[in-house]
Amino acid sequence: MELLALGPLELWQDGRQHDLGSVKERCVLAVLVHARGGTVTAETLMDRVWDGEPPRTALDTLHSYLSRLRGHLKRAVGSQILVERPSPRAYRLRMDPEDLDLLRLARLREDAARALDEGRADLAIGLLHTAEALWRGDPLAEFTGSWTASLRDRLVEDHRRVREERIRLELEAGRHADVLGELRELVARNPLAQTALASLMLALYRCGRHDEALAVYRTARRRLQESQGIEPGTELRALHHRILGQDPGLLLPPVATRTPAPREPARAAPDTLPRDIGEFTGRTAELRILLTPPRKDALPVTVVHGMPGVGKTALVVHAAHQLREAYPDGAFHLDLRGYSGQPPSTTPEALGALLHTAGIPDPLPGTADERAARWREWTARRRVLVVLDNARDATQVGPLLPGSATCRVLVTSRHRIADLGGAVPLHLDVLSATEATTLFQRVLGPGRPADADGALARIVDACGRHPLALHLLAGHLRHRTAWALDDLADHLARLRRTPHSFDPALTVSFQLSYNELDLGQRELLRTIALHPGPDITTDAAAALARRAPGISSDEHVRHVRRSLEELLDRNLLEESARDRYRLHDLTRAFSLLAGHREDTPESSRAALDRLLDHYLTAAHRADRSLHPHRHPLPLPPRRTCPHAPHFAGPDEAAPWLSLERANLLALARTAAASCTVPASAHEQALLLPHALGPSLKLWGLRETAVELYDAAADALRGRADDPALLAHTLVELADVWAQKDHHRALRLAEESLSLFTGLGDTHGRADALLQSGRAHLAAGRADTALTDLDEALALYRAIDDRAGQAACRNVQGLAHHYAGRHAPALHAVTDVLSLYDELGDGHGSMRAWNNLGELSFLQGRFDEARHHYERALCLARLHGGRQDLSILDTNLGAVHQATGRPETALDYFRRALACHQDSGDTLGEVNVLISMGTAYAATGRRGEALLHLTRAEQAARSIGNSYERQRALLAMADVQLTAGRRQPAQRLYATALAVAQEVGLSPTQALDGLARAERARDHGVTGS
């Protein structure tokens, strides 16, 4: 028998999980468990179960919970666990300490400490490994409230300490290479945890990777300074100093002087399988097929297909748990959302999830093909089990298949997926009558009256032997203790006579559970179904739900939380993580149908408006926290949601944006879709693009940004009642288009400038002139760009906007650089760095260091350029996105190329090219293609060089960028001349000269090339 508290609260005996009652009853048990055998007063129980606000009837209700809990425990394990009452209004739990994982953990830690005192480090490591394995997930995740949150934090901290102590011992035992991956994972989770940072630095140093160890320190120091304004601790600084000095004392003594230690796996194999369900029933034939050892000559893929809710996922997860030992390198579960009523998982998104689970850090490869190749490479040397759940078609599944026949794949789908080559289909029908009856009885639990007059058979028949329907009905009956089986059977017969546009068996099951909810809970379920995103938090649900008149905001949130718990108890809602809820796709479909019957279009729109307000308010606050110097758009008071989170700083805002990314994008697209009729557009659709703009750029979602801004601009033009908001939208849309289509960017900037001028908005005029300058520069018109930029800079200075000045000086530096004027370019970039340092803008400083690197590179100071680029890279990892990292990959690749390492350079360039192509950044793509062409030329591969340079010239011409087109033409001409083909080289130099003269670029390089071609003719080189 085992009572498990280091994860979801569960009771197991003889391989079977036992029911512990409702959420509140389990919470009572959790309080007693964590007293560790001590006495708990009734007052403490009430305080923790009701989170400090027990109702007037709390004591009576608590007695009921305790009575039911005793019944659950007695039926499950007899007298092995007793809830005792040592004195009035006091309770305690009595059981064998070894049967409670919480107490086993304490004993294992004590044993490990004793073993260490006795010099038996290997035993201590093994005991700590065993202690770590007791954790099964987030403890107390099913409960809410301040007590559970505090206890959860303490338990998570205990877990971290056990892990860090074990890693420390493994380092002392010489297993530094084995723990590297695990240490990187720890640091990625908590980049400021100095104990983990020190261990990672030491492991890297002992592996001979001194530069990487020092880089870890530099990154950590920068993060501590920028986020907390402090230096690293004494121990970390001392370790850094010793590594700088190559202190031999940091190395382990020779192997002969150490006791050999048995090799232990450093990093636990990834395992994201959902928890197996205790009441799994039947499916004997299907399990036999899934558990039969497969052939070894090809990747075994099984597609389990059948109707919705028939139990495909339950079967596959149940089988996967039994197969797990055969696949020691990992068990992956991925929901592809093929039929969830939400956007299906894209190939890059799905591959990214698999690679992250496998422990591969960011930045991941940019394109889907490269991610698929990386996934196949990782799985080629391993034995892993992959469950691809809720798949739509072969196109979605194919790229996710591992690269080795030693792996195994289980797929679930509503369709057979016949075009997935080599896959074995397994159709899953409803349960047999016997299996259906057994399942119903297991979910219902013991202690119910015996079947009378075939009532159970009538219930099973009314459900169509459908597993989901059986679960819902049995769960319903379990909560209705006064009902007998025949009561339920009669009620089902009456419901079946009511027509519905839903599957009849499922309709009966859902309708019965739905009817048992109160009016508020029904309305909440219907409104949650309106949410287009994958999940919802309690605060977001509170925003979505209509608040009753006369109750406070806090009371409303508590009421919603209780309703969510009730929906969870009745299996109408799933809790995917702590305080994050989601609907099964069938529950969503039923709830939407109920909403069509019971709600008016106006009330549904009002609910969606409230949810949009919630996310708009939070996104606006996050944006202000992350970008305090950005020109803000005020949030109208009517759009401010009282339930939206506040952020203490960037460290809270950035994770929230990442966590809510899918919800934000789904809601923003839903709002944008309403803009097709401007008069009925959601107002939030006009404001969300601004709040999400920097995040969309950071995430590399340029096409999404264009979609949202375009929809907002079209609606605002149609309404013609808010020229200020239209002007802001247009100038930000110009910024999005600047790298892709400078013609469109210029038109947008000019339109916004006209609007801002009419409004008398100086700040807006400066922003529009800045974007106009950027557009001219992208077209290669550096001097025209400088005219607009000079005017913008004067306006920014007039209103003392230092962030605007920095952005403007940055583009001015680029314009001088393009025109070949290095001294003013260097002066501008130095100004930019000074301004961004004053502002504390890490992302801006990153761009300035990158531009300093470019200027140093052009002057041939390659070591200095590399230093600047590496400083920019450190900042990019803290503050930047994929596009920033890809630009730095290009620039560092250029340094490697210039210093005689072309193959290393090409590795950098390929990574950067994939990222630019994936994000639709044509200008960045052109820049990398030119760099790749020159790198190939340096290695004598002239054919590949010309191929890449031709692609660069065509892409530059497609976006009208004369500067980059001239660069590509000059590089092509150099390759041709080096190959002895003088005439093609002359033609290319002449074209480059014409381009330079047309737009006012420097003609020096083209003229120099023509002179060299002429000298080649004098030496007898003709070419053709």
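Student: What should I know about the model before I start?
Tutor: The model is predicted, with local features needing pLDDT of at least 70 and side-chain atom pairs counting only at pLDDT 80 or more, while totals for chains, interfaces and linings use all residues. Residues are numbered from 1 along each chain as its sequence is written, and side-chain values use heavy atoms, with hydrogens and water left out.

Student: Which strands form the open sheet, and in what order?
Tutor: The sheet is open and has 3 strands in the order 4-6-5, with antiparallel pairing; two strands pair if DSSP finds at least two bridges between them, and strands (E, at least two residues) and helices (H or I, at least four) are DSSP runs numbered from the N terminus.

Student: Why is one side of strand 4 and of strand 5 left without a neighbour?
Tutor: Strand 4 (40-41) and strand 5 (82-87) stand at the edges and each has a single partner strand, so one side of each has no neighbour in the sheet.

Student: And what joins strand 5 to strand 6?
Tutor: There are 4 bridges between strand 5 and strand 6 (residues 90-94), which run antiparallel, and Val83 has Leu93 in strand 6 as its bridge partner.

Student: Changing topic, how many cavities of 30 Å³ or more are there?
Tutor: The structure holds 5 of them; a cavity is a set of points on a 1 Å grid over the protein atoms alone where a 1.4 Å probe fits but cannot get out, and lining residues have an atom within 4 Å of a point. Grid points are joined across faces, edges and corners, and a volume is the space filled by probe spheres set on the points.

Student: What lines the second largest cavity?
Tutor: Its lining is made up of Leu616, His620, Leu633, Pro634, Leu635, Leu687, His690 and Ala691, around about 50 Å³ of space. Helix 25 (601-626) and helix 28 (683-698) are the elements that give two or more residues to this lining, and helix 28 has the largest share, 3 residues.

Student: Now Asn390 and Asp800, is each buried or exposed?
Tutor: Asn390, in strand 9 (residues 385-391), counts as buried at 15% relative accessibility, whereas Asp800 is exposed at 57%; buried means under 20% relative accessible area, exposed over 50%, and partly exposed in between (1.4 Å probe, protein chains only).

Student: What about phi of Asp800?
Tutor: Asp800 has a positive phi of about 55° although it is not a glycine, and Asp800 sits in the loop between helix 33 (782-798) and helix 34 (802-818).

Note on methods. On a 1 Å grid over the protein atoms alone, a cavity is a set of points where a 1.4 Å probe fits but cannot get out, and a pocket is an open set with protein on both sides within 12 Å along at least five of seven lines; lining residues have an atom within 4 Å of a point.
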